[in-house]
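The following questions and answers work through a few local features of one protein model. Each answer ends on the value or name asked for.

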Amino acid sequence: MTLRAAHQLIDDAPRILDDPVAVQLVGEEGRAALSRADSRVHSPGARTLRAHVVIRSRHAEDRLQAAVSRGVDQYVILGAGYDTFAWRQPEWTHALRIFEIDHPASQAAKRDRLSAVGLGQPENLIFAAVDFEHETLRDGLARAGFDFSRPAFVSCLGVLMYLTEAAAYGVFDFVRTLAPGSEIVATFRSARDGEEVGASPLAQAAAAVGEPWLSQFDPFALQAKLLADGFSVVDLVSGAELEVRYALKRRDGIAPGRGISTVRAIV
Ligand SMILES: C[S@@+](CC[C@H](N)C(=O)[O-])C[C@H]1O[C@@H](n2cnc3c(N)ncnc32)[C@H](O)[C@@H]1O
């Protein structure tokens, strides 16, 4: 939420992701803190992370729009966190049902935050609390009224590294059982930097607040496995490619890392 709000308040127009709701969510105190926070928002690491976060959402939402234009009418946001799409829906979502799936504690915190800033629940949004390590996505979505006979677009952004390798593969296995035409866009931690999964400063910061990173994947091995498992299309998307698409020649110079950490797979 803070990174998205920082992009609105600090970076130059045009925004990569227009997200006034994030600014609303951080509240007055958050906005004031952002205007004071020097190194936390202006350091090279903070700028790269911020670009990564807003670009991964923008990319997923662009893919969602393409899926909707071919008839997909269910959007499943796995590990939604403070994703704000449901509160800033464009015209083309009028027939879309949106499922926000998240860990019970995260979802409760978000719902509290939404009430605190006076944001209600959009009519076409369904919340479902699911701990991916302890309940199947199928059960959680069935409980929420998901229609398994229709295709869905699934985003899983900034989530897989918090899951064990088995639970992360479980996410792809689940998507593979959805109706043909379903698609997932997911980000993952790349194993190609030669670092242990928990070794980076970001991973250490996450572990320090009780959210250790547990999995990472070699992009090409992941692609080969997903194709062998039966996805019809599996594309790896590099940060360099996303930079060219979304952040070329920006005045503020923000850009995501260049490695491969996004995969798009179609059933
Ligand atoms: C860094 S946030 C990403 C939020 C959002 N997708 C985004 O792009 O900004 C990670 C999310 O993963 C969720 N998560 C991590 N482990 C989980 C688990 N075992 N079950 C369900 N959700 C989980 C957290 O609750 C949190 O909302």
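Q: Which residues of helix α10 are buried?
A: The model is a predicted one. Helix α10 spans residues 239–246. A residue counts as buried when its relative accessible area is under 20%. In α10 the buried residues are G239, L242, E243 and Y246.

Q: Within what arc do the buried residues of α10 fall, seen down the axis?
A: An α-helix has 3.6 residues a turn, so residues three or four places apart point the same way. The buried residues of α10 line one face of the helix, because seen down its axis they fall within an arc of 105°.

Q: What covers the buried residues of α10?
A: Contact here means heavy atoms within 4.5 Å. The cover includes two strands, β6 (233–238) and β7 (260–266). It also includes the helix α4 (44–69).

Q: Are α4 and α10 roughly parallel or roughly perpendicular to each other?
A: Two packed helices are described by the angle between their axes and the distance between the axes. For α4 and α10, the axes come within 11 Å and cross at roughly 75°. Angles of 65 to 115 degrees count as roughly perpendicular. The two helices, α4 and α10, are therefore roughly perpendicular.

Q: How do the residues of the contact of α4 with α10 divide into nonpolar, polar and charged?
A: From α4, the residues involved are I55, R58, H59 and D62. They meet L242, R245 and Y246 in α10. The division is three nonpolar, one polar and three charged.

Q: What is the omega of the cis peptide bond that joins A13 and P14?
A: P14 lies in the loop between α1 (2–10) and α2 (20–36). The bond joining A13 to P14 is cis, with an omega of about -5°.

Q: Is K249 buried or exposed?
A: K249 sits in the loop between α10 and β7. Its phi is positive, about 55°, although K249 is not a glycine. With a relative accessibility of 81%, K249 counts as exposed.

Q: The side chain of D252 reaches which backbone nitrogen?
A: D252 is placed in the loop between α10 and β7, and it is buried, with a relative accessible area of 12%. Leaving aside neighbours within four places in sequence, D252 is in contact with D11, D12 and R47. Its side chain makes a polar contact with the side chain of R250 at 2.8 Å. The backbone nitrogen that the D252 side chain reaches, at 2.8 Å, is that of D12.

Notes
Residues numbered from 1 in each chain as written. Predicted model: local features only at pLDDT ≥ 70, side-chain atom pairs only at ≥ 80, totals over all residues. Heavy atoms only, no water. Buried < 20%, exposed > 50% of the residue type's maximum accessible area, 1.4 Å probe, protein only. Helix = DSSP H or I, 4+ residues; strand = E, 2+ residues; numbered from the N terminus. Arc of directions from axis to C-beta. Axes fitted to C-alpha atoms, helices over the stretch in contact; angles between N-to-C directions. Parallel < 35°, antiparallel > 145°, perpendicular 65-115°, else oblique. Nonpolar A, V, L, I, M, F, W, Y, C, P; charged D, E, K, R; others polar. Polar contact = N/O pair within 3.5 Å; in protein donor to acceptor, adjacent residues only side chain to side chain.
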